[in-house]
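Have a look at the model first, then read on.

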Amino acid sequence: MSASGGTKAIVAALGANLAIAVSKFVAFAFSGSSSMLAEGVHSVADSGNQALLLLGGKKAKKKATEEHPFGFGRERYIYGFLVSIVLFTIGGVFALYEGYEKVQHPHEIDAWYWPIGVLVFAIIAEGFSFRTAVKESNEVRGNQSWSQFIRTAKAPELPVVLLEDLGALVGLVLALGGVGLSLLTGDGVWDGIGTLCIGVLLVAIALVLASETKSLLLGEAAGPEVVARIRAAIVDGDVVTRVIHMRTLHLGPDELLVAAKIAVESDDTATEVAHAIDAAEARIREAEPIARVIYLEPDIYREQSAAPAAPAAPATD
């Protein structure tokens with residue numbers, strides 16, 4: 001996994017979630033708080049998610065085969081999508097169910113100091129994990145806003161860990177609020193309401209992650225800045241006079257396919273064109289090192305060759 005894959009953030013989140021999960025289950029055993037149970041299951045789901053991300057990064061390193069000639073870079077996208085499913089089903093749906101049950105059958109919280117102490121500990125631990133994820137994300141997001149970074153990031157790990165950690169922190173605050181109100185009022189319904197809020201939050205985060213990773217699975221082009229650099233690198237002003245049209249596709253977070261039709265002069269020899277294509281490929285890889293697969297097709301520039309294909313005429317009776 002590349003540095004941009006956020007390995008440090010994943011490991012930090014995994015360690016924090018394992019410790020937090022144990023403490024939450026202990027607090028649930030002593031207090032009977034449904035918020036603690038929901039949060040414990042949430043932490044277990046998060047731990048499994050981080051393990052999935054690490055597994056996806058390992059599988060993505062496999063060498064290309066005849067059956068998969070472009071390699072296995074998209075394994076990281078697949079496991080990122082699995083994370084959203086786990087977060088939705090195990091984390092969100094379970095919390096909604098547990099919250100509903102607690103609202104229907106409330107009971108007072110026993111040994112209140114257990115859930116309060118664990119929640120404070122969990123907020124500190126999750127804060128450390130979230131800080132690590134933010135620090136690694138800042139190294140790659142540039143001038144993008146956080147929402148832009150999550151929408152456009154080609155490596156799924158950092159957005160996943162960021163949203164998970166953010167959801168965990170907000171969920172802990174909701175759990176603390178539910179437990180606190182239950183203790184102040186003596187009514188366990190508030191604990192159930194806090195659990196329901198946690199469930200809604202987790203489902204919302206899971207849907208965002210599913211939408212973003214689905215887009216990566218379908219295949220996303222390189223960003224505008226990357227495309228501009230590649231276009232500039234292709235044209236040498238001598239043999240290659242312009243890019244007629246170009247397509248890019250991420251085969252994985254660190255692998256880019258570039259396919260372009262380039263304009264050459266009609267009196268250029270085959271040898272000149274071949275040398276120009278080789279030189280253009282070298283310039284592309286220098287400008288964008290993740291451009292691993294490059295296909296350049298020479299052609300004589302004509303207006304119609306550069307124009308987009310006209311839409312098919314509607315069928316008539």
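Glu-288 is buried, with a relative accessible area of 9% (buried means under 20%, exposed over 50% and partly exposed in between, using a 1.4 Å probe and protein chains only). Please keep in mind that this is a predicted model, where local features need pLDDT of at least 70, side-chain atom pairs count only at pLDDT 80 or more, and totals for chains, interfaces and linings use all residues. Residues are numbered from 1 along each chain as its sequence is written, and side-chain values use heavy atoms, with hydrogens and water left out.

**Salt bridges**

- The structure holds 7 salt bridges, each a side-chain nitrogen of Lys or Arg within 4 Å of a carboxyl oxygen of Asp or Glu.
- Glu-288 pairs with Arg-229 in one of them, at 2.7 Å from N to O.
- This pair links distant parts of the chain, 59 residues apart: Arg-229 sits in helix H8, and Glu-288 in the loop between helix H9 (270–287) and strand E3 (291–299). Helices (H or I, at least four residues) and strands (E, at least two) are DSSP runs, numbered from the N terminus.
- Arg-229 is partly exposed, at 36% relative accessible area.
- Glu-220 and Lys-154 form another salt bridge, with their closest N and O atoms 2.6 Å apart.
- Glu-220 lies in the loop between H7 and H8 and Lys-154 in the loop between H5 and H6, so the pair ties together parts 66 residues apart in sequence.
- Both Glu-220 and Lys-154 are buried.

**The largest pocket**

- The largest pocket has a volume of about 750 Å³. On a 1 Å grid over the protein atoms alone, a pocket is an open set of points with protein on both sides within 12 Å along at least five of seven lines, while a cavity is a set where a 1.4 Å probe fits but cannot get out; lining residues have an atom within 4 Å of a point.
- A volume is the space filled by probe spheres set on the points, which are joined across faces, edges and corners.
- The pocket has 24 lining residues, and Lys-154 is among those nearest its centre, along with Val-140, Gln-144, Thr-152 and Val-226.
- Helix H8 gives the largest share of this lining, 4 residues.

**The cavity**

- The structure holds 1 cavity of 30 Å³ or more, and about 90 Å³ of space lies in the largest cavity.
- Residues lining the largest cavity include Ile-150, Pro-156, Leu-163 and Leu-209.
- H7 gives the most to this lining, with 4 residues.
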